[in-house]
Amino acid sequence: MNRRPWLLGGVAGLVLLFLYAPVAWLAVVSFNDSRSLSRITGLSTRWYAELLGDARVLEALGLTLRLAAASAAVATAIGTLAAFGLRRAFPGRGLWTLLLGLPLVVPEVVLGVALLGFCVKLAGIPLGFGALLAAHVAFSLSFVVVVVRARIAGMDPRLEEAAADLGASPPVAFRTVTLPLVAPAVAAGAAFAFLLSFDDVVTSSYLTGVGSTTLPVHVYAQASKRGVSPEIVALSTVLVAVSAALLIAGVLVASRRARASTFVEPNRDQ
Amino acid sequence: MLPSRRRWLVATGLLTPTGLWLGVFLIAPLALVVQFSFATRDTGVARAVLPWTTHAYATALDPAFLPIFGRTLAYAGLTTLFCLLLGFPLAWFIARHGGRYRTALLAAVLVPFWSSYLARVYAWKALLDGEGLVNRLLAGVGLDRPGGFLLTDGAVVLGLTYGFLPFMVLPLYVACERFDHRQVEASYDLGHGRVSTFARVVLPGLLPGVLAGSLLVLVPAAGDFVTPRLLGGVDQSTFGSVIDDQFRGGNNWPLGSAMAVLLLVLVVVALALRGRRGEDVL
């Protein structure tokens, strides 16, 4: 179509607005001087100050970040291997695909209670970091496999063949050709796994132990008693601001690189 | 060694770590839940003990739970529908017109989700309550509602739609990006109008993405209990919140397990209905 897509762009913009409106509202009320999240009574930075003084929240944040990093690392490592394992047809591939689809369709509440029973009654795993890591890797693994597999499937096999023709041994071809091509998908999978772990409430709420509460579970426990505290709103605002800044920096770096290099991304049209 | 046997060995070797992790931390726990669902309730520490019985299923299938079943399905179904309606224009726009900002736009969809899930739910709560921004804006045109829009089914569906929209946008985007747009031009050239082209060419072409996205939204929406609890009222309990009650408060693990098994059966039915067509995206 050669018309400019104004209408479609407008609708897409409205959907983005829908995604950002509540978060923008959170940013506004994080500077409110009362506890209310619905009415602005005055401006202050007191919630940011209280956040910095709240040892329990900061401790929970630290644990959540460590857990998300560990979970993303494990899920990305074994998920990338699995994605390469599924690259070519072999007997049993259908069954493996089925197994990898399972975590995507098991409701979180079911996974949570199942792992609670498993850890407490069968395996004797103490609740806390280990149990949380087991769960988070289990539910984020499939997302990594899906993302990396899609990239591998879209890769031009002629590039690897060319490397072999030019005398590269399979390990060298893998390191210098295959891996750089797949790397963006591996990074995307890792980011996805990190985010899934970082924000998980439902499954985690069954598996936290004494002294090892993740931030979302801490917030949930607190919120069910007296609502979300403005401190958490302030923290959410900081996290969104940081991720938005990283995104903008990423775009700037990528566009500078695109200008500096004459390489065309391979196989864009497949 | 035969090449095919070697290929099998390599693939299985690469898949083994994943298989072990999922076997121990997903399959075994799920099997345990099935076992619990046939156990007898115990109020002590054991919580689920012998003898074997189907009592929990009889309770779970009691007509008293029927409205909860129906409400859960309605919430999940409507959420999926709204995610499709909102996600499609966004995914299509990014894939077709995003240019070199495609990846950035896709990432921008995920940025709001760095804030805490609960903070986002509470943001909606604050926006929707009696003195919230939505009600005050609507008051300007005389459409406000005393008490606001909280504790309604609409608030729950809105919250769920917001929470799961990215799971729809990502697979839809993949499908839109793979879609060969020349098919649309061919359809126009052959004299089809916009509606006919959409129904006969675009929709079938995007079906794998639509199915994958629908599944990724439908399942968590059916199991979620946090959003319905916070945005809906006491009467808005769902399947997920009833399961949660059995494990956390009521300590009726067999009943909770039986309900979890029923929820899984529901998912398997949805998967079977999907057939094999969504597979290349999911």
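Tutor: We'll take a helix pair, then the domains, then the other chain.

Student: Is this experimental or predicted?

Tutor: This is a predicted model.

Student: OK. At what angle do H7 and H8 of chain A cross?

Tutor: At roughly 145 degrees. H7 covers residues 157-165 and H8 covers residues 170-198. Their axes come within 10 Å.

Student: Left-handed or right-handed crossing?

Tutor: H7(A) passes H8(A) in a right-handed crossing.

Student: Which residues meet there?

Tutor: From H7(A), A:Leu159, A:Glu160, A:Ala163 and A:Ala164. They meet A:Ala173, A:Thr176, A:Val177 and A:Thr178 of H8(A).

Student: And how many of those are nonpolar, polar or charged?

Tutor: Five residues of the H7(A)-H8(A) contact are nonpolar, two are polar and one is charged.

Student: Switching topic. Where are the domains in chain A?

Tutor: The domain assignment gives two entries for chain A. Domain 1 takes 16-53 + 231-270. Domain 2 takes 58-228.

Student: What separates their centres?

Tutor: 24 Å, taken over C-alpha atoms, for domain 1 and domain 2 of chain A.

Student: Now chain B. How many helices and strands?

Tutor: Chain B has 12 helices and two strands. Along the sequence, the pattern reads α-β-β-α-α-α-α-α-α-α-α-α-α-α.

Student: What share of chain B is buried?

Tutor: Buried residues make up 50% of its 282 residues.

Student: And what about contacts between residues 24 or more positions apart?

Tutor: In chain B, they account for 71% of the contacts with a separation of 6 or more.

Conventions:
Residues are numbered from 1 along each chain as its sequence is written. Chains are lettered from A and ligands numbered from 1 in the order in which they are written. This is a predicted model: local features need pLDDT of at least 70, side-chain atom pairs count only at pLDDT 80 or more; totals for chains, interfaces and linings use all residues. Axes are lines fitted to C-alpha atoms, for helices over the stretch in contact, and angles run from 0 to 180 degrees between N-to-C directions. Helices (H or I, at least four residues) and strands (E, at least two) are DSSP runs, numbered from the N terminus. A crossing is left-handed if the near helix is turned anticlockwise from the far one by less than a right angle, and right-handed if clockwise. Two residues are in contact if their C-beta atoms, placed from the backbone, lie within 7 Å. Ala, Val, Leu, Ile, Met, Phe, Trp, Tyr, Cys and Pro count as nonpolar, Asp, Glu, Lys and Arg as charged, and the others, Gly among them, as polar. Domain bounds come from an automatic or database domain assignment. A residue is buried if 20 or more other C-beta atoms lie within 10 Å of its own, exposed if 12 or fewer, and partly exposed in between; C-beta atoms are placed from the backbone.
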